[in-house]
Amino acid sequence: MLNESLPLVRKYWRYMAVSIISFVIGNIIMQMFKRIQRIYTGNDLNGDTGSGEVKEDHYDCDVDHVPYKDYVKFPTSDMIARSRDFYKTINLRRSVRKFSPEPVPKEIIENIIKAAGTSPSGAHTQPWTFAVVSNPRLKMEIREIVETEEEINYKKRMGIKWVNDLKKLKTNWIKEYLTTAPYLILVFQQMHSFTSDGDKRVHYYKEISVNMAAGILITAIQYAGLATVTTTPMNCGPAIRNLLGRPAYEKLILLFPVGYPAADATVPALSRKPLSDIMIDFS
Ligand SMILES: Cc1cc2nc3c(=O)[nH]c(=O)nc-3n(C[C@H](O)[C@H](O)[C@H](O)COP(=O)(O)O)c2cc1C
């Protein structure tokens, strides 16, 4: 076998050597490019540990500690009823992908975002920006960006397994809800922020913090009597960020269309895991 292939190796060794060297150089350039991109977008900052190029700062180390007077203790029976009622309300939440164009008062959206802004965050850095889009032209431009990328996702980028896994949801790259829902709420993660002196402020656990805020956001949407669907606009981040004029250190994480469900909206008949499957009791 080895003897048979030796003449081939002798004949083509130059081509093989050039291919290997090109492959290695290509890889090195790709790694350098990715590193520069991460630095530019702020993704390179290790916000979870505070290490990296960020200057140490003590921007709110002098905060007073005050008695926690806002706590309300309910009778146990009320607590049981409240927790049961809340479960009943939140259990009605479904991902809705067809919306009515009926207008929604802006105040409701503002209250929902205020609720999301109560989320805990690593070292209270509050690393989120909620962009609320109701302007029809902007909604259309966002739809065009998302549909262009989603068509590539469905047809080329994501592969047959992803497409098959999504079949039960009956989704495709057409996202009519992006123009029919009265509001789009786009959640940006701030990779870092700035102190009053202009130094970079580390955002600890920024991803977990933003995702927790998003959880409160969809809970508040449901509680207010509106509907949404959690969407992850894959590969659309930079284009949408530029469209909305947001800075490079903000990364688009999630997009929520918000409004009333269309009268003919449907949802897949999915079931949720029972308590026995999701809770392990160590008492
Ligand atoms: C992180 C995350 C990303 C999601 N991305 C999308 C999405 O891009 N498009 C979509 O139609 N639904 C998306 N969904 C919604 C899920 O498909 C939906 O939550 C799931 O099918 C369960 O249905 P339910 O929300 O009605 O309980 C996403 C949900 C989560 C939590």
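I began with a definition: angles under 35 degrees count as roughly parallel, over 145 as roughly antiparallel, 65 to 115 as roughly perpendicular and the rest as oblique. The model is predicted, with local features needing pLDDT of at least 70, side-chain atom pairs counting only at pLDDT 80 or more, and totals for chains, interfaces and linings using all residues. Residues are numbered from 1 along each chain as its sequence is written, and side-chain values use heavy atoms, without hydrogens and water.

**Entry: H2 and H7**

I looked up helix H2 (residues 76-91) and helix H7 (residues 206-224), whose axes come within 9 Å and cross at roughly 95°. Helices here are DSSP runs of H or I with at least four residues, numbered from the N terminus. Axes are lines fitted to C-alpha atoms, for helices over the stretch in contact, and angles run from 0 to 180 degrees between N-to-C directions. H2 and H7 are therefore roughly perpendicular to each other. I found Phe86, Thr89 and Ile90 of H2 in contact with Thr219, Gln222 and Tyr223 of H7 (contact means heavy atoms within 4.5 Å).

**Entry: H4 and H5**

I next examined helix H4 (residues 136-157) and helix H5 (residues 159-166), which pack at an angle of about 120° with axes 8 Å apart. That angle makes H4 oblique to H5. I noted that Asn153, Tyr154, Lys156 and Arg157 of H4 meet Gly159, Trp162, Val163 and Leu166 of H5.

**Entry: salt bridges**

I searched the whole structure and found 8 salt bridges (a side-chain nitrogen of Lys or Arg within 4 Å of a carboxyl oxygen of Asp or Glu). I recorded a salt bridge between glutamate 141 and arginine 137, at 2.5 Å from N to O. Glutamate 141 and arginine 137 are about one helical turn apart, because 4 residues separate them in helix H4.

Definitions and conventions: Helix = DSSP H or I, 4+ residues; strand = E, 2+ residues; numbered from the N terminus.
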